[in-house]
Amino acid sequence: MHRGRGLAVACAFACGAWAWAESGATVAALPLTALDGDEVTIEPHSVLGALLIVGFSQESGEQTRAWGNHVSEWADEHAGDEAPPPPMHLPIQSSSTEDPLPVFSIVVIGETSRFMRGMFRRMMKGVMPTEVEGSFFLAYERADAWREVAAMDDEAAAYVLRIDPQGRICGRHAGPPSDEALAGLLHAPCSS
């Protein structure tokens, strides 16, 4: 194990907010709604999987926004001399691909009326930068399943999930962003 990575993982475990996920947990096929109203599911990168930033309440918005900003700043810093990857992607080293890791933001709202769904979508679209709209989703259905896969125990926290190419969870963090937590998630043992 790389020394820096080992320290990051050790610190993350010591802080108690980051943990390897149990095998078998998955987000595959959980229904989402895109900001344009289309019903979708997460399509992880075929080699790298994906990183999901998940919020469960209005109070979690501060931490989920902070995670989005942290990911963007980290990507800019690690892009080197090359142009930074597209918004909401992270450059990581892989012998299998040079493509960046996609990052998706998900707000879990739960069951609500068609009118309220439209209102939430318009409100989110109104504050979302155009370049990241395609990586932002709302979850109206199966909110309990999202709570279970995130191991949600604090609605005010952001939950960040690293998933493998099949949509299985291979890393999980709850709480505000940090370089240590992000490093732990990026080095999670995700199978391809």
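Which residues of helix α4 are buried? Before I answer, a word on the basis of this talk. The model is a predicted one, in which local features need pLDDT of at least 70 and side-chain atom pairs count only at pLDDT 80 or more, while totals for chains, interfaces and linings use all residues. Residues are numbered from 1 along each chain as its sequence is written, and side-chain values use heavy atoms, with hydrogens and water left out.

Let me turn to the helix. In α4, which spans residues 143–150, the buried residues are Ala-143, Ala-145, Trp-146, Val-149 and Ala-150. Here, buried means under 20% relative accessible area, exposed means over 50%, and partly exposed lies in between, with a 1.4 Å probe and protein chains only. Helices (H or I, at least four residues) and strands (E, at least two) are DSSP runs, numbered from the N terminus. An α-helix has 3.6 residues a turn, so residues three or four places apart point the same way. On the other side of α4, Asp-144 and Glu-148 are exposed.

What do the buried residues of α4 pack against? Their partners are the strands β2 (32–34), β4 (50–55), β6 (101–108), β7 (136–139), β8 (159–163) and β9 (169–174). After α4 comes Ala-151, with a positive phi near 55°.

Strand β7 pairs with β2 in the antiparallel sense over two bridges, where two strands count as paired if DSSP finds at least two bridges between them. Within that pairing, Ala-34 has Phe-137 as its bridge partner. With β6, β7 pairs in the parallel sense over four bridges, and Val-108 stands opposite Ala-139.

Now to the protein as a whole. It has five helices and nine strands, and buried residues make up 47% of its 192 residues. Contact means heavy atoms within 4.5 Å. Among contacts between residues at least 6 apart in sequence, 69% join residues at least 24 apart.

The next topic is the interior. A nonpolar core is a set of buried Ala, Val, Leu, Ile, Met, Phe, Trp, Tyr and Cys residues joined through side-chain atoms within 4.5 Å. The largest has 26 residues, of which Leu-51, Trp-67 and Leu-90 touch the most other members. The elements giving two or more residues to this core are β4, α2 (61–78), β6, β7 and α5 (179–186). A second, separate core of 25 residues includes Ile-42, Ala-50, Phe-104 and Ala-157.

Finally, how many disulfides does the structure hold? There is one, a disulfide being a pair of cysteine sulfur atoms within 2.5 Å. Cys-170 and Cys-190 form it, with their sulfur atoms 1.8 Å apart. Because Cys-170 lies in strand β9 and Cys-190 in the segment after α5, the pair ties together parts that are 20 residues apart in sequence. The torsion about the S-S bond is about 70°, so the disulfide is right-handed. Cys-170 is buried, with a relative accessible area of 9%, whereas Cys-190 is partly exposed at 22%.
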